[in-house]
Amino acid sequence: MDNRVPPRAAGPGPRRRDRHGRGMRGPIAPPQVPLAASRAEAFADLVQDSVDRLERRWPQLADIDFVVLEVPRLDGPAQPWSDEPVPLGGTVAAQDGRRGQVIVYRRPVEIRSKGREERAALVHEIVVEQVAELLGLTPETVDPRYGED
């Protein structure tokens, strides 16, 4: 009698479970559920919601790019960080055919906010301030509800 076990046939894809039947079975949540979105995607959605709110009143915002970066960059590799607070956002003026940009830094904003509602309010405040700076207006002109809690 032959007691040898025949070798396994190599499947078309990577093995998803170990020999005991444990391991990843599938996604934790379906893609439609907010749980499936990463923190970066959820943050970008907050910025986009704020932009959508402002674009109804200011159609010229369609000519501005809104960018989310992880953290602010130092100007040079040997440049030490100054005693100034870490910026939460910034602007780049339009020049030489390039569109203007409003930049929101994700990690500093996440650190300064406790929950989703507080984060959404802070993101909107930053976007309003940066748009006001880019357009040369006051934040209250850009959004009359600016500064209200």
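Guide: Welcome! Let's start with two helices: the axes of H1 and H3 come within 9 Å and cross at roughly 50 degrees. This is a predicted model, where local features need pLDDT of at least 70 and side-chain atom pairs count only at pLDDT 80 or more, while totals for chains, interfaces and linings use all residues. Residues are numbered from 1 along each chain as its sequence is written, and side-chain values use heavy atoms, leaving out hydrogens and water.

Visitor: Why are H1 and H3 called oblique to each other?

Guide: Under 35 degrees would be roughly parallel, over 145 roughly antiparallel and 65 to 115 roughly perpendicular, with the rest oblique. H1 and H3 cross at roughly 50 degrees, so they are oblique to each other. H1 passes H3 in a right-handed crossing.

Visitor: Which residues in H1 and H3 meet?

Guide: From H1 come Phe43, Leu46, Val47, Ser50, Val51, Arg53 and Leu54. They meet Arg116, Arg119, Ala120, Val123, His124, Val127, Val128 and Val131 in H3, where contact means heavy atoms within 4.5 Å. By class, this contact of H1 with H3 has 10 nonpolar, two polar and three charged residues.

Visitor: What makes up the largest nonpolar core, and which residues have the most contacts inside it?

Guide: The largest nonpolar core has 20 residues, and Val109 and Val127 have the most contacts inside it. Helix H1 (39-55), strand S3 (100-105) and helix H3 (116-135) are the elements that give two or more residues to this core, and H3 gives the most, with seven residues. Not counting residues up to four places away in sequence, Val127 touches Val47, Ser50, Val51, Leu54, Phe66 and Val104.

Visitor: How do you know whether Asp96 counts as buried or exposed?

Guide: Buried means under 20% relative accessible area, exposed over 50% and partly exposed in between (1.4 Å probe, protein chains only). Asp96 has 77% relative accessibility, so Asp96 counts as exposed. Asp96 is found in the loop between strand S2 (89-92) and S3, and Asp96 has a positive phi of about 50 degrees although it is not a glycine.

Visitor: And what does Arg73 count as?

Guide: Arg73 has 74% relative accessibility, so Arg73 counts as exposed too. Arg73 is found in the loop between strand S1 (64-69) and S2.

Visitor: What does Ala121 count as?

Guide: At 47% relative accessibility, Ala121 counts as partly exposed. Ala121 has its place in helix H3. The C-alpha atoms of Ala121 and Ser50, 71 residues apart along the chain, are separated by 9.0 Å.

Definitions and conventions
A nonpolar core is a set of buried Ala, Val, Leu, Ile, Met, Phe, Trp, Tyr and Cys residues joined through side-chain atoms within 4.5 Å. Helices (H or I, at least four residues) and strands (E, at least two) are DSSP runs, numbered from the N terminus. Axes are lines fitted to C-alpha atoms, for helices over the stretch in contact, and angles run from 0 to 180 degrees between N-to-C directions. A crossing is left-handed if the near helix is turned anticlockwise from the far one by less than a right angle, and right-handed if clockwise. Ala, Val, Leu, Ile, Met, Phe, Trp, Tyr, Cys and Pro count as nonpolar, Asp, Glu, Lys and Arg as charged, and the others, Gly among them, as polar.
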